Amino acid sequence: MLEIAIIADDLTGAADTGIQFRALYGQALLMADNGLAARPPQPTPEVLAVHTMSRALPVGQARARIRLAGERLTLWRPGRVFKKVDSCLRGNIGAETDALMDTLGVPMSFIAPAFPKVGRTTRDDVHLVHGRPVAETEMGCDPATPVTESRLSRVIAAQSHHRVGHVDLKTVVDGEAALVAAVNRLVDEGARHIVFDIVEQSHLAAVAHLALKFFPDALLVGSAGLAEGLCDCRRHRAASRPRKLAAAPGHHLIVLGTASPRARRQVEVLQAARPCALIELDAGRLARTDLVPEEDDLADLAEALANGDVVARIAPPPAETSARTTRRVAGGFGALVAALVARTPPASLFLSGGDTALSVLGRLGARGLRLELEIVPGLVLGTVVGCAFEGLAIGTKPGAFGDDDALLRWRDFWS
């Protein structure tokens, strides 16, 4: 039985949220939204994490894609649906939540994108990243989905047809009686989206508990932090241990399709501790070869991977890059990496950047990933299903996620 389904606007977010439920429910499958058109596999996974790749779409297109995914998902008969959104507020959060509520017939949503474990909190309705208003961080300059507003309720209201209500931190801390009274008051005033101040993980568990006990029809909307909070409410279930995995023969390939400065620092820490070749690829060249990879690039990468671990990343693009060009670059990078994996199979493959990860998996012909375990917060290990590369170990992580040693922790996992 499908116990819980996650609808996420990107691949890495679907992975880091789906893995939270794997320990409770056993098998967890990650796949693209077009996979919902097919019959559910047998046996049906208990956890299904679906990525719609709608974060950077225009609002109308994102709404339509979520509506279609929701309609198809009802045929899978999930016990509960969880809407995963970016913990830095990128994307069409209000519009996608509206669309999913309408499709599922849900009367309200509880929205809490905070993830205190990785430095994302909400206080006085201002969403913070490591203590700074999110619009003042690197997210304000995101090339595809810049965040220009830090007040959570305003971000939601700007894209939604419904009124938004805010629950402050004192009410969250005061406990369930205060929370129930606050939500009922906001609903009476006409709010259908309720946003919450959150500064600790226990606050997310309180929101999840509030939904489960008092408002079971509320759609939970949040990041992996709220997913963990929901799991915290169900710890009475027996935990399912992850499978033991071993690296395949060969060397490890790390692929970075993100321009995040944090990801660059993670590479510096990795290189300082472990030998690995760093190969930067020209974005313009990748955009021109999005169907057939350049043989010179492929040969250079294959030779390097035959001799040791490799980090492949895109050289910094020009300041002004269109969304169409960004997609072509990701397509070219995906074609190149898939051809490399076929020519020189790696011991493991790490993918950062949702567009790049999607492109690589598509080129490999994968139906999806079986989510296995979380190595550090946001860094998820899965194995390929449904193609010739069945069982290939793949790690995913949002580009701006993780401490400076995140890639080193990935590499050392296999030592």
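**Arg55**

I looked up Arg55 and found that its side chain and that of Asp9 are joined by a polar contact of 3.0 Å. A second polar contact, of 3.4 Å, runs from the Arg55 side chain to the side chain of Asp10. I took a polar contact as a pair of N or O atoms within 3.5 Å; within protein, one must be able to donate a hydrogen and the other to accept it, and residues adjacent in sequence count only if both atoms are side-chain atoms.

The model is predicted: local features need pLDDT of at least 70, side-chain atom pairs count only at pLDDT 80 or more, and totals for chains, interfaces and linings use all residues. Residues are numbered from 1 along each chain as its sequence is written, and side-chain values use heavy atoms, with hydrogens and water left out.

Arg55 sits in the loop between β3 (47–51) and α2 (59–74). Helices (H or I, at least four residues) and strands (E, at least two) are DSSP runs, numbered from the N terminus. Is Arg55 buried or exposed? Arg55 counts as buried, because its relative accessibility is 11%; buried means under 20% relative accessible area, exposed over 50%, partly exposed in between (1.4 Å probe, protein chains only). With neighbours within four places in sequence left aside, I listed its contacts (heavy atoms within 4.5 Å); among them are Lys84, Asp86, Arg90 and Glu96.

**Helix α3**

Glu96 is also one of the buried residues of α3. The helix covers residues 93–104, has 12 residues and reaches 16 Å from its first C-alpha to its last, close to the 16 Å expected at 1.5 Å a residue. The expected span is 1.5 Å times one less than the number of residues. I noted that 9 of the 12 residues of α3 are buried, so the helix is largely enclosed by the rest of the structure. Gly105 follows α3 and has a positive phi, near 70 degrees.

I searched the whole structure for cavities and got 1 of 30 Å³ or more. On a 1 Å grid over the protein atoms alone, a cavity is a set of points where a 1.4 Å probe fits but cannot get out, and a pocket is an open set with protein on both sides within 12 Å along at least five of seven lines; lining residues have an atom within 4 Å of a point. Grid points are joined across faces, edges and corners, and a volume is the space filled by probe spheres set on the points.

The largest cavity holds about 50 Å³ of space. Its lining includes His252, Asp309, Val310 and Arg411. Strands β12 (252–256) and β14 (310–314) each supply at least two lining residues.

His252 is in strand β12 and is buried, with a relative accessible area of 6%. Its side chain makes a polar contact of 2.7 Å with the side chain of Ser348. Beyond four places in sequence, His252 also touches residues including Leu305, Asp309, Arg411 and Trp414.

**Second largest pocket**

I found about 260 Å³ of space in the second largest pocket. Of its 16 lining residues, Met31, Ala32, Asn34, His51 and Leu358 are the closest to its centre. β2 (28–32) and α13 (354–364) each give at least two residues to the lining.

**Pro261**

Last, I checked Pro261, which is in helix α9 (residues 261–273). Pro261 is partly exposed, at 42% relative accessible area. Pro261 and Gly119 lie 142 residues apart in sequence and 16 Å apart in space, C-alpha to C-alpha.
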